Amino acid sequence: MPNPFFDVVDVKVLDDWKLLLTFEDKSVKLFDFKPLLSEKLYAPLKNPGLFKHAEILCGGVAWNDEIDIAPEFLYENGGDVS
């Protein structure tokens, strides 16, 4: 079970493959997904039509049954938003 500290409670898809994420602890982070698009698992997300359908699943972010990303990774690698 994911640590609730890291759970994503809101996700907004922004331009240029960025996600604005709000976490359980009320922190807000900006995550740039572009560097991950070269990985085989995330290559389908180069399609902006698919990328814009990000949703919260089990505290992380998912696009379908095959593509998701862990909340801990998003939290640790997202940039803090003031």
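Which residues touch the most other members of the largest nonpolar core? They are Leu19, Leu21, Phe33, Val61, Trp63 and Ile69, in a core of 20 residues. A nonpolar core is a set of buried Ala, Val, Leu, Ile, Met, Phe, Trp, Tyr and Cys residues joined through side-chain atoms within 4.5 Å. Buried means under 20% relative accessible area, exposed over 50%, and partly exposed in between (1.4 Å probe, protein chains only). β1, β2 and α2 (71–77) each supply at least two residues of this core. β2 gives the most, with 3 residues.

This is a predicted model, in which local features need pLDDT of at least 70, side-chain atom pairs count only at pLDDT 80 or more, and totals for chains, interfaces and linings use all residues. Residues are numbered from 1 along each chain as its sequence is written, and side-chain values use heavy atoms, with hydrogens and water left out.

Helices (H or I, at least four residues) and strands (E, at least two) are DSSP runs, numbered from the N terminus. Side chains alternate along β2 (residues 18–23). Leu19, Leu21 and Phe23 point to one face and are buried.

β2 runs antiparallel to both β1 (residues 8–14) and β3 (residues 28–32). Two strands pair if DSSP finds at least two bridges between them.

| Strand pair | Bridges | Residues between strands | Positive phi |
|---|---|---|---|
| β1 and β2 | 6 bridges | 3 residues | aspartate 16, near 65 degrees |
| β2 and β3 | 5 bridges | 4 residues | lysine 26, about 80 degrees |

Lysine 12 has leucine 20 as its bridge partner in β2. Leucine 21 is partnered with lysine 29 in β3. Leaving aside neighbours within four places in sequence, leucine 21 has contacts (heavy atoms within 4.5 Å) that include Val8, Val11, Phe31, Val61 and Leu74.

**On the surface**

Leu14, Leu30 and Val81 form a nonpolar surface patch with about 210 Å² of accessible area together. Such a patch joins nonpolar side chains (Val, Leu, Ile, Met, Phe, Trp, Tyr) within 5 Å, from residues with over 30% relative accessible area and no salt bridge. Valine 81 follows β7 (79–80). Valine 81 counts as partly exposed because its relative accessibility is 39%.

Lysine 40 sits in the loop between β3 and α1 (48–51). Lysine 40 has 79% relative accessible area, so it is exposed.

Conventions:
Patches are made of residues with over 30% relative accessible area and no salt bridge: like charges are joined within 9 Å, nonpolar side chains (Val, Leu, Ile, Met, Phe, Trp, Tyr) within 5 Å. Accessible areas come from the Shrake-Rupley method with a 1.4 Å probe; for residues, only the protein chains shown count as cover. A salt bridge is a side-chain nitrogen of Lys or Arg within 4 Å of a carboxyl oxygen of Asp or Glu.
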